[in-house]
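Thanks for making the time this morning.

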Amino acid sequence: MSLKYGVMGLLAEEPLHGYEVKNRFEAMLGGTWEVNIGQIYTTLQRLERDGLVRPVGERGDRGKLLYEVSDAGRKALNEWLAQPESGPQELREDIYVKLLLAARLANGNLGPLLSRQKRAYLQRLRDLNQLEARARKDGRTDLANLVRGALLHTEADIKWIDELSEMGISGESA
Amino acid sequence: MSELVRLSDTTKVYQGGMTGALNGVSLTVEEGEFTAVMGPSGSGKSTLLNLIAGLDRPTSGGVTVGGSDLGRMGEAALARFRRDHIGFVFQFFHLLPNLTVLENVLIPAQLRSRTSAEARGRELLEQLGIAEVANRYPAKLSGGQQQRVAIARALINQPSLLLADEPTGALDTRSGDQVMELLMALHRQGQTILLVTHDAKLATRYAARVISVLDGKIVDDARLETAERAAADVIRVRGEEARP
């Protein structure tokens with residue numbers, strides 16, 4: 001996701017100044033994405049330059065400036081919302097590269113690597129379960145749904161590790 | 001806490017090389033633990049459960065539960081052991097259709113005084129939120145209610161160990177969650193629980209210990225932490241950000 005659309009989306013609800021955008025953005029994501037205020041101002045300046053947001057009125061107390069989304073901005077936002085996510089899947093975690101290297105360096109004996117990784121995934125699953133329960137308790141269904149997405153990803157990671165382990169062990173005994 | 005279950009280099013071989021054999025498994029379970037056992041079908045996880053339940057005897061190695069060596073017991077002694085020490089909850093409830101809910105719950109309590117058993121049975125039904133169906137027949141109940149009856153039956157003799165084999169496998173998500181919350185409440189009261197499941201999400205949600213079984217062996221025994229973590233330490237959502 002891009003911060004640019006996050007900022008426009010919040011401004012589409014009501015005009016806000018930079019700090020409010022930062023606070024609302026972080027609250028919306030339940031603390032799963034922290035941004036610094038500099039990034040917010042840089043983003044606002046670029047959006048203003050591209051005609052997607054514009055300042056409302058003059059600078060107020062302590063130099064605060066409210067921004068609102070322009071018609072062009074609203075149009076760009078709606079197009080972005082309607083567009084499905086496509087492109088390559090991102091595998092950002094080291095495990096994918098570790099796996100390839102370990103297969104070369106350890107003559108295919110991946111057992112210890114896989115079981116350590118599985119433990120880490122099980123712990124993550126437990127942490128995610130707690131986070132989901134907390135989000136539901138707080139009435140944050142939207143956030144709980146986000147956590148469920150992460151939960152299902154981690155479940156898939158565990159299945160993958162299990163599959164690799166099964167292949168490894170049956171390969172050994174054959 | 002003291003030790004409740006001990007398997008030491010336990011082996012179970014089936015005639016004809018059937019799958020599900022166990023090949024030198026060692027394991028201890030402490031009183032009060034909530035442990036999940038995971039593994040693919042044929043991995044030996046059900047065999048492990050059956051040995052601990054006294055439904056099956058090891059080919060070699062020991063199985064000790066609550067100080068009793070199950071490998072040395074005869075059939076009659078094993079049956080008494082199961083009745084007095086083990087509560088069993090299955091995927092498909094296994095209730096007797098021609099008995100009422102309360103009668104089903106009282107089956108394992110046959111040899112105890114009728115009045116005290118019936119009082120405990122009603123108390124359990126109350127605790128599990130199904131007191132009002134005590135006199136109905138299982139076929140009239142929802143899956144979630146039937147599983148709660150099975151839990152009451154499993155608890156009637158105050159077992160030292162509750163074994164749950166895929167207890168939510170036949171339930172919808174909501175009833176499954178309710179059943180698991182009930183097991184969790186029992187665990188908080190001190191009940192030792194061994195849960196067999198293929199569902200990692202369910203296992204890690206309730207059990208702080210997850211044992212993985214594969215090809216007749218325990219390949220991992222993970223003790224998980226229960227910490228209140230900040231959201232950002234669990235999930236990081238990120239994307240392109242404007243560079244200054």
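Predicted model: local features only at pLDDT ≥ 70, side-chain atom pairs only at ≥ 80, totals over all residues.

Over all chains, the count comes to 26 salt bridges, where a salt bridge is a side-chain nitrogen of Lys or Arg within 4 Å of a carboxyl oxygen of Asp or Glu. Residues are numbered from 1 along each chain as its sequence is written, chains are lettered from A and ligands numbered from 1 in the order in which they are written, and side-chain values use heavy atoms, with hydrogens and water left out.

Let me start in chain A, where Glu14(A) and Arg24(A) meet through their side chains in a salt bridge, 2.8 Å from N to O. This pair links distant parts of the chain, since Glu14(A) sits in the loop between helix H1 (3-13) and strand E1 (16-17), and Arg24(A) lies ten residues away in helix H2 (residues 18-28); helices (H or I, at least four residues) and strands (E, at least two) are DSSP runs, numbered from the N terminus. Glu14(A) is partly exposed at a relative accessible area of 37%, and Arg24(A) is partly exposed at 31%, on a scale where buried means under 20% relative accessible area, exposed over 50%, and partly exposed in between, with a 1.4 Å probe and protein chains only.

In chain B, Glu118(B) and Arg122(B) form a salt bridge at 3.6 Å, N to O, and both lie in helix H4 of that chain, four residues apart, about one turn of the helix. Glu118(B) is partly exposed at 24% relative accessibility, and Arg122(B) is also partly exposed, at 39%.

Turning to the two chains together, how many salt bridges are counted between chain A and chain B? The count is four, and in one salt bridge Asp220(B) pairs with Arg119(A), with the closest N and O atoms 2.8 Å apart. There is also a network of salt bridges that links Glu132(A), Arg136(A), Arg148(A) and Lys201(B).

The contact (heavy atoms within 4.5 Å) takes 39 residues from chain A and 37 residues from chain B. The area buried between them is about 3,300 Å², with carbon and sulfur atoms giving 54%; buried area here is the accessible area (1.4 Å probe) that two parts lose on being put together, summed over both. Thr32(A), Leu122(A) and Arg126(A) supply 19% of the area that chain A buries against chain B, more than any other three residues.

I will finish with helix H5 of chain B, residues 143-155, which has 13 residues and reaches 18 Å from its first C-alpha to its last. Twelve of those 13 residues are buried, so H5(B) is largely enclosed by the rest of the structure. Its buried residues pack against strand E6 (86-89), helix H3 (101-106), helix H4 (114-127), strand E7 (161-165) and helix H6 (173-188) of chain B.

One residue of this helix, Gln147(B), is buried with a relative accessible area of 0%. A polar atom of the Gln147(B) side chain lies 2.7 Å from the backbone oxygen of Phe90(B), and, leaving aside residues up to four places away in sequence, Gln147(B) touches residues including Val89(B), Phe93(B), Pro167(B) and Val179(B).

Technical notes:
Expected span 1.5 Å × (residues − 1). Polar contact = N/O pair within 3.5 Å; in protein donor to acceptor, adjacent residues only side chain to side chain.
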